[in-house]
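Have a go at each task before you read its solution.

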Amino acid sequence: NVLLQSQTLATTWTVSNALDMNAVVEDQYVAPDGTTTMDLLQPKATTAVHSLDQAFTFTAAIYTCSFYLRYVSATPQRWVALVLNDGTTTWAASFDLLNGAAGAVSNCTSTITATGTTNVYRVTMTKSAAAAAAAGTVKISLNSTDTATLESSARAGTETLGAWGGQLEVGAFASTYQPTTTVGVARNADVLTYP
């Protein structure tokens with residue numbers, strides 16, 4: 001997992017614009033691992049792009065990006081897009097958290113999978129990236145429609161979304177989640193024991 005601070009989104013992650021996104025509120029919801037470490041994302045009441053971003057320098061490879069996202073029914077943020085740019089090309093996938101369904105895609109494939117935690121889904125997108133021509137980015141975009149891009153939209157400022165467990169890895173599918181802090185984490189063998 002090469003995304004840094006995969007569970008602490010108020011650290012190396014940045015909001016698209018402090019005028020358009022509230023600061024991340026840490027540890028607001030129960031995450032799929034049973035800990036209360038899922039963070040809250042919320043747009044401000046503006047018409048703009050509302051996203052949380054992390055810079056990343058891509059190499060030429062197939063990448064899969066995944067996140068665990070929570071639909072908060074009391075103050076719902078229904079549509080969310082993962083948007084990546086390798087310095088040249090942008091690819092994105094939209095997800096409907098109300099219905100647990102994959103939405104529009106642009107230059108990639110996507111999946112959404114329910115977890116054992118109510119209203120929490122693992123969303124994924126896969127795409128071949130080019131070697132970086134410029135600085136790349138990984139973004140979570142809080143959209144108002146089924147749009148596979150960074151959407152500029154009017155928001156009420158009350159919509160909320162839980163996010164946790166960001167992962168970016170080389171490969172054609174999402175593997176088991178590997179938490180990170182200040183450095184990427186390589187995968188050891190998964191060991192499963194059954195009675």
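**Exercise 1.** In which segment does Gln5 lie? Work out its backbone angle and its burial too.

*Solution.* Two notes on conventions come before the steps. This is a predicted model, in which local features need pLDDT of at least 70, side-chain atom pairs count only at pLDDT 80 or more, and totals for chains, interfaces and linings use all residues. Residues are numbered from 1 along each chain as its sequence is written, and side-chain values use heavy atoms, with hydrogens and water left out.

Step 1: Gln5 lies in the segment before S1. Strands here are DSSP runs of E with at least two residues, numbered from the N terminus.

Step 2: Most residues other than glycine have a negative phi. Gln5 has a positive phi of about 50°, although it is not a glycine.

Step 3: With a relative accessible area of 11%, Gln5 is buried (buried means under 20% relative accessible area, exposed over 50%, partly exposed in between, with a 1.4 Å probe and protein chains only).

**Exercise 2.** Describe the surroundings of Gln7.

*Solution.* Step 1: Gln7 is found in the segment before strand S1 (14-15), and its relative accessible area of 18% makes it buried.

Step 1: Leaving aside residues up to four places away in sequence, Gln7 touches Thr37, Asp39, Trp164, Gly165, Tyr177 and Pro179; contact means heavy atoms within 4.5 Å.

Step 2: The side chains of Gln7 and Tyr177 are joined by a polar contact of 3.0 Å. Such a contact is a pair of N or O atoms within 3.5 Å; within protein, one must be able to donate a hydrogen and the other to accept it, and residues adjacent in sequence count only if both atoms are side-chain atoms.

**Exercise 3.** Which strands stand at the edges of the sheet that contains S1?

*Solution.* Step 1: Write down the order, S1-S5-S12-S7-S8-S9, for an open sheet of six strands with antiparallel pairing. Two strands pair if DSSP finds at least two bridges between them.

Step 1: S1 and strand S9 (101-106) stand at the edges; each has a single partner strand, so one side of each is left without a neighbour in the sheet.

Step 2: Check the S1 end. Two bridges join S1 to strand S5 (residues 51-56), running antiparallel, and Val15 has Leu52 in S5 as its bridge partner.

Step 3: Look past S9. Asn107 is in the loop between S9 and strand S10 (109-114). Asn107 has a positive phi of about 65° without being a glycine, and at 44% relative accessibility it is partly exposed.

**Exercise 4.** Trace the sheet that contains S10.

*Solution.* Step 1: Six strands form this open, antiparallel sheet, in the order S2-S3-S14-S6-S11-S10. Strand S2 (25-29) and S10 are the edge strands, each pairing on one side only.

Step 1: Inside the sheet, strand S3 (residues 38-41) pairs with strand S14 (residues 161-170) in the antiparallel sense over three bridges. Leu40 has Gly162 in S14 as its bridge partner.

Notes:
Helix = DSSP H or I, 4+ residues; strand = E, 2+ residues; numbered from the N terminus.
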